[in-house]
Amino acid sequence: MKANLGYLERNKNECMFEVENETVTRVIVVGETRHLVRLNVNEQNQMFVRFVNGFKTSKLDGAKVTAYIREWFDLNRDLTPFYEMANTDPLLKGPVQNFYGLRVIGVPDLFEALCWGILGQQINLAFAYTLKKQFVEKYGDSIEWSGRKYWIFPSYEQIAQLTPDDLAEIKMTRRKSEFIIGIAQLMASGELSKEKLLGLGSLKEAEKSLIKIRGIGPWTANYVLMRCLRFTSAFPIDDVGLHNSIKQVTAAERKPSKEELMAFSGKWDPWQAYATFYLWRVNY
DNA sequence: GACCAGGGGTGCC
DNA sequence: GGCACCCATGGT
């Protein structure tokens with residue numbers, strides 16, 4: 001679990017949770033109820049969840065929060081086959097040793113995952129975090145505890161009612177504003193949902209369905225398939241961070257070609273998402 | 001002040 | 001379907 005906390009801690013501008021002294025604090029929403037929880041790991045590498053005082057919960061909600069956390073950290077997945085493959089792969093061997101235990105940390109909420117994907121398009125990661133923070137702090141809700149605020153991602157119902165002019169104030173490009181509002185409207189109408197995408201049954205069908213949506217291309221679709229819908233074979237092949245990591249690990253002079261990336265994808269199948277996540281960790 | 005950033009839409013062929 | 005061009009702004 002230490003490797004997972006290390007991932008969460010990597011960016012100081014993350015606004016959806018706080019990591020301090022190897023303890024993660026965040027709000028988890030189940031149904032209508034908001035729970036402020038703290039997670040940490042003991043010497044035996046077991047994770048503990050604690051409901052913060054003042055936010056007590058029923059047994060049923062407790063089970064739902066546990067399920068959320070298991071999904072967030074992908075704890076129901078057996079990684080044995082991935083490690084067997086990765087240990088014999090020249091690119092993955094190093095990263096899986098350095099970050100052993102790391103899982104694809106998810107973004108369980110579909111709207112949040114799509115927004116994060118769109119915000120991250122063609123800008124550096126630092127600025128993407130800044131944009132997300134401004135977006136969340138302007139349109140999201142928060143719980144205050146011990147003098148700090150813990151944020152809840154803006155709801156698609158609320159964002160669906162905005163105009164691009166509203167979002168211009170937070171330095172979001174007009175195009176991105178249109179994309180995010182359009183997606184919020186699709187979700188508010190019920191046309192787009194996590195359940196519907198998962199109901200399509202396969203990665204390819206879910207990908208096709210996502211790419212039809214304005215603002216979602218192959219990269220964003222696969223990013224969301226990987227981090228929200230949890231297809232382990234999703235592969236954001238156009239990802240610049242992935243290209244940089246591969247270039248670094250192979251000590252190559254240039255970034256990998258499309259053909260080389262396709263060859264890696266074939267070797268890593270059906271664990272492309274895990275391969276990508278470990279390779280990202282090399283640089284980020 | 002270039003150059004790049006966890007891309008995507010649009011128009012043209 | 002493949003390609004050039006545009007978007008737009010902050011980090012380095």
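The following dialogue examines a predicted model.

Author: Residues are numbered from 1 along each chain as its sequence is written, while chains are lettered from A and ligands numbered from 1 in the order in which they are written. This is a predicted model, in which local features need pLDDT of at least 70 and side-chain atom pairs count only at pLDDT 80 or more, whereas totals for chains, interfaces and linings use all residues; side-chain values use heavy atoms, with hydrogens and water left out.

Reader: Which domains does the assignment of chain A give?

Author: The assignment gives domain 1 (2–75) and domain 2 (110–283). These bounds come from an automatic or database domain assignment. The C-alpha centres of domain 1 and domain 2 lie 21 Å apart.

Reader: How many residues does each domain bring to the contact?

Author: Domain 1 brings 23 residues and domain 2 brings 20 residues; contact here means heavy atoms within 4.5 Å. On the side of domain 1 that touches domain 2, at least two residues each come from helix 1 (2–8), strand 1 (18–20), strand 2 (23–30), strand 3 (33–41) and helix 2 (59–72). Helices (H or I, at least four residues) and strands (E, at least two) are DSSP runs, numbered from the N terminus. That side divides into ten nonpolar, five polar and eight charged residues. In this division, Ala, Val, Leu, Ile, Met, Phe, Trp, Tyr, Cys and Pro count as nonpolar, Asp, Glu, Lys and Arg as charged, and the others, Gly among them, as polar.

Reader: What is the area that domain 1 and domain 2 bury between them?

Author: The two domains bury about 2200 Å², 55% of it on carbon and sulfur atoms. Buried area is the accessible area (1.4 Å probe) that two parts lose on being put together, summed over both. Tyr7, Cys15 and Met16 supply 27% of the area that domain 1 buries against domain 2, more than any other three residues.

Reader: Which parts of the chain does the pair of Glu22 and Lys2 link?

Author: Glu22 lies in the loop between strand 1 and strand 2, and Lys2 lies in helix 1, 20 residues apart. Their closest N and O atoms are 3.4 Å apart, and the pair forms a salt bridge.

Reader: Which residues surround DNA strand C?

Author: DNA strand C is surrounded by Asn124, Phe127, Lys171, Arg174 and Arg175. A residue is near a strand if one of its heavy atoms lies within 4 Å of it. Of the atoms of DNA strand C that come within 4 Å of the protein, sugar and phosphate account for 77%. By class, this surface has one nonpolar, one polar and three charged residues.

Reader: How do you know where a base nitrogen of DNA strand B stands relative to the side chain of Gln122?

Author: The distance from that base nitrogen to an N or O atom in the side chain of Gln122 is 3.0 Å. A polar contact is a pair of N or O atoms within 3.5 Å; within protein, one must be able to donate a hydrogen and the other to accept it, and residues adjacent in sequence count only if both atoms are side-chain atoms. The pair at Gln122 therefore meets the distance limit. A polar side-chain atom of Lys255 lies 3.4 Å from a phosphate oxygen of DNA strand B.

Reader: Is the peptide bond from Asp269 to Pro270 cis or trans?

Author: This bond is cis, with omega near 0°. Pro270 lies in the loop between helix 14 (258–268) and helix 15 (272–283).

Technical notes:
A salt bridge is a side-chain nitrogen of Lys or Arg within 4 Å of a carboxyl oxygen of Asp or Glu.
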